Amino acid sequence: MLKQQFARRFLSICAAGLRTRRADWDRTGLMAETETKKVEATPAVFEPKIVAFVCNWCTYAGADLAGTSRLQYAPNVRIVKLPCTGRIDPLFILKAFEGGADAVLVSGCHPGDCHYTSGNYHARRRWAIFRRLLEFTGIDMRRVFFSWVSAAEGAKFADLINRITADVRAAGPFERTNPARRRLWK
Amino acid sequence: MEMIDALRADAAKVLADGRAKVVIGYQARGDHRAPLFVTTADRAASLVYDDACKQNLAVYLRKPEVKLLGKAAVVASPAAMRSLVLLMSESQLTGDDALVLAVGVGEYHGVLELAQVAPLLKEKYAALAPSPELLREIEKLAAKTPEERAAFWAKQFAKCTRCYACRAACPGCYCTRCIVEKNVPQWISTAAAGHGNYAWNVIRAFHLAGRCTGCGACEAACPQGIPLMLLNVLLGQEVEKEFETKAGYDPEAKPVIGSWNPEDEEDFIK
Amino acid sequence: MARVGVFLCHCGENIGRTVDCAAVTAAAAKMPGVVHAVDYKYMCSDPGQQMIKQAIVEKKLTGVVVGACSPRMHEPTFRRAAAEAGLNPFLLEMSNLREHCSWVHEDRAKATEKAVDLVRVMVEKVKHNRKLHSIRVPIEPTAMVVGGGIAGIQAALDIANGGKKVILVEKSPSIGGHMARLSETFPTLDCSQCILTPRMVEVASHPNITLMAYSEVESVEGFVGNFDVTVRKKARYVDWSKCTGCGDCWAKCPVKKIPSEFDAGLGKRTAIYRPFPQAVPNKPVIDQEHCIMLTKGKCGACAKACQRGAINYKDQDELVKIKVGAVVLATGFDLWDHSAYGEYGGGRWADVIDGFQFERLASASGPTDGEIRRPSDGRIPQTVVFIQCCGSRDDKMGKAYCSKICCMYTAKHAMLYKHKVHEGRAVIFYMDIRAGGKGYEEFVRRAIEADGAEYVRGRVSRIYRRADGKLIVKGADTLAGRPMTVEADLVVLADAIVPRTGSERLAQMFGVGYDTDGFYSEAHPKLRPVETSAAGVFLAGACQAPKDIPDAVSQASAAASKVLGLFSKPELEREPIIARVNENTCVHCRACIAACPYGAIEDFEIKDRKGNVVKRVARVNEGLCQGCGTCVAICRSNSIDLDGFTDEQVFSEIVTLE
């Protein structure tokens, strides 16, 4: 029994080494990518859960472009699509943290590019205040990301997700210190 | 004439003249100060006003049972007057809905129409600011690590029994159905524990961002002594710094959250 | 009870290669509320759509989730199929398993896990979807074309000939654009003005076209079918209704030395001027910046000369509000400013010119009457060097893209030069010759073989001016592998094509996307090349990407046909993604009214039977609401909700991600 376990563990380490090397000469050459590979075969390493709230016209389309351009990025993000960043209620962010998200990303059109002319300006102001409140009440600002990603910025989206995944992985699981987390104080 | 005598005289006069049907002021109950609804001139003598008057009486102008009494004259401190201006800017009060018995800092400004409140505030109380102790407290907390802050607020919010006294005391919390009462979907858990307490207190503060006039009635009303003003003032300072506006000075003001400026802060958006 | 059907597409191998579709299907089948889950190679194909339709009927589905490509690609396709099977199209949602999953992840296990999540989220969302019905909005059957170059002219004529009214807005005093400045056109060498000017005249005389020359779009409100465009008619200082275009005024104008924009600075014009003799409208304007009367308050020579009394020095800009149903943007291009290239003289030498300057030198109507004479001393150059890719294909100093038309016009320039100066030498430095197009390769071959243009593959590293006026061009012939020096009399730079200055501002007004270079973005790079992300706004010509005349004209005709298609119905069906106010809980704080980008939320008074106001609330105007949802997030009591993205839907998505 023990022997079997040991053998399995040994194999997985070998596989990890192989995959790491493969990723090293991967054409994308992304560091974060390399790390993902290292991580996946070692069960102890933590895979962050990232919830992204994005607008339909810029960032969602930017993520589409990352896809059509076949840019590889970390599979840790789950996108919730809204028509506009203006639709993103602070309650969404709270709810995502409540549900155990390790990080939340909010992303939309660059200033001036909003499909609805000014939804992103409203959102920008809302976040400027809300993030101060989150920070002050103990949410680590290394867990909340705001970005502008246009429909033309597929590469920026891929880089962003890789960067966030790497940062949050470095920061570790949020469960212990997340004040919004469900069942934190039993 | 003593300030309180002038106030009582004005209260009696507006009732006697029929300019108001009810005066909303304070009465003494031992050390405690409770609201008093005076409907006849002869009872105006029971009115008191001193530093122990923590409640913001502007809150009553929106209550349907008070509205039934007829036009009110409300005793208001500068912070409460700012609440009145806020309510005007949010179309909750209009020109002749109420009269104001304006109690200033160390002086009494007499009976004002609602339209006279904002000019008085701008002239005399433009520099109304939170207490230095409170600001120091905020600074101290902000300097801590996120974990320490989370622990601090965890301890505070754990005390919350969800009695919603803070909400009832606040003139800005006038929604007939509060977000916490919305149950399809239930964004904020109503159980008096953990994440529900966090979400409730955070969202309450957020809904007052750019609207809190700093009267402190919510904190005074909290039976558990949760330092709510730390949150309210933090956001008030933030709004003042970033968007150069203070709640309750301009009856024509646009809502801070609900307007924008192309130059708004965005260095946090990468 | 919800009865959800899940349909997973392999997209050939595009999804199946990375995502284990069978595993996702198995997982989906176990999700609560799912009564039917299948996978198929091509869900968007006819048999695939049939599978969905059949299942909707047979399994009595109340919701459908299609896990396939991006909803931006095929959501309309699948929603149409659902509608055909009798299911409200808004009860169908898509999980983006291709662009957001299989194409961006390599690890099969991880990608499959993510795909299951993406499907689960949409299954939960779709359970909360409600039946929505398209909103009908009347269409104003008038189109606006912005830009009066060949693309704008073609679009305007096509729409007008289709029987609809067109308003053509042109920034400069005349339509015609860059094409009016060209001498001959490739690959046929027919005279540009000869083919263009009849079109210009047709525009001016067409009963369906209102020409607004010397005007610019100021602001835009509204939406597809109902745009309210404010146009600034710039002060002309000449009453065009009185003016006959006789020319007495500009003959008398004392300010005669203003470089002519039309002649690319090689010719001169007066302060009261028409850009060129065939201008449409053929009426002058006063250049406010140079007119002595307008700057110093004395002169008045043109007013004295005008027998019709058409000169009005007190003329003012005028703002005109116009209602249109559709817009074609045809704002065209400019040449990149080559002064950034210090090694090519940085714009200091008169004899280093750009393509338009050469066109004017070669044009029979140009400042030299069609003789190629160099600007500095008017001599006929014996050696001309043409440098291609000046600013194009250079992501460091210039633009990363290929400007597409330069190879052809440089070949044309060399040819025109050789036709006029038979013994002269035309040397062309090129990186690659890109002559894709009907008759284009043959044209370049003709320039080389019949006319003796010398093509040198290599870049020019430096140009300097010798004391005798010769331009010494130092380059390399990379095919021969040796450095090369040419003593030239004239150098023509094929500058990169860039969008018009100010095109970004116009894009922002119309809500059209643009790329990092400022070219307008089409809705889909392949399948929707003339639409934009803003409904009812179409693209024509070089504002979208560098284009030659035939391409610009084709796109203009395509845009016109899109406009006519839109106008073929009296009403427009709009997606019913709009906000709704819960009037029971609304407290009329008016935050949403202040915030709405469209002014679509209004005050509303609820009255009792006697007409007394019981309550004031906010109410959404369905015709104006565009469905951004900004009001929803601003409402403190959550008394507004957005159809299609309701709180319940978003809530269930977030909760499902736990």
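Guide: Let's start with the salt bridges between chain C and chain A: the rule finds 4 of them across that interface. Bear in mind that this is a predicted model.

Visitor: Why is the pair C:Asp647 and A:Arg87 called a salt bridge?

Guide: The closest N and O atoms of C:Asp647 and A:Arg87 are 2.8 Å apart. The cut-off is 4 Å between a side-chain nitrogen of Lys or Arg and a carboxyl oxygen of Asp or Glu, so an Arg and an Asp at that distance qualify.

Visitor: What makes B:Lys182 and C:Asp647 a salt bridge?

Guide: Here the N to O distance is 3.8 Å. A Lys nitrogen and an Asp oxygen count within 4 Å, so this pair passes too. The count between chain C and chain B is 2 salt bridges.

Visitor: Which element gives the most to the side of chain C that touches chain B?

Guide: Helix 18 of chain C, with 4 residues. That helix covers 647–656, and helix 16 (591–595) also gives two or more residues to that side.

Visitor: And where does the largest share of the side touching chain A come from?

Guide: Helix 18 of chain C again, this time with 6 residues. Other elements giving two or more there include helix 3 (71–84), helix 5 (108–127) and strand 34 (640–642).

Visitor: How many residue pairs are in polar contact across the interface of chain C and chain A?

Guide: The rule finds 16, with both residues at pLDDT 80 or more. For chain C and chain B, it finds 8.

Visitor: What are the buried areas behind all this?

Guide: Chain C and chain A bury about 4,200 Å² between them, 55% of it on carbon and sulfur atoms. C:Arg72, C:Trp103 and C:Glu106 supply 15% of the area that chain C buries against chain A, more than any other three residues. Chain C and chain B bury about 1,700 Å², with 59% on carbon and sulfur. On that interface, C:Val587, C:Arg636 and C:Phe651 supply 38% of chain C's buried area, again more than any other three.

Visitor: How many residues are in contact between chain C and chain A?

Guide: 45 residues of chain C are in contact with 52 of chain A. The chain C side divides into 20 nonpolar, 13 polar and 12 charged residues. With chain B, 20 residues of chain C are in contact with 20 residues of chain B.

How values were computed: Residues are numbered from 1 along each chain as its sequence is written. Chains are lettered from A and ligands numbered from 1 in the order in which they are written. This is a predicted model: local features need pLDDT of at least 70, side-chain atom pairs count only at pLDDT 80 or more; totals for chains, interfaces and linings use all residues. Side-chain values use heavy atoms; hydrogens and water are left out. Contact means heavy atoms within 4.5 Å. Buried area is the accessible area (1.4 Å probe) that two parts lose on being put together, summed over both. A polar contact is a pair of N or O atoms within 3.5 Å; within protein, one must be able to donate a hydrogen and the other to accept it, and residues adjacent in sequence count only if both atoms are side-chain atoms. Ala, Val, Leu, Ile, Met, Phe, Trp, Tyr, Cys and Pro count as nonpolar, Asp, Glu, Lys and Arg as charged, and the others, Gly among them, as polar.
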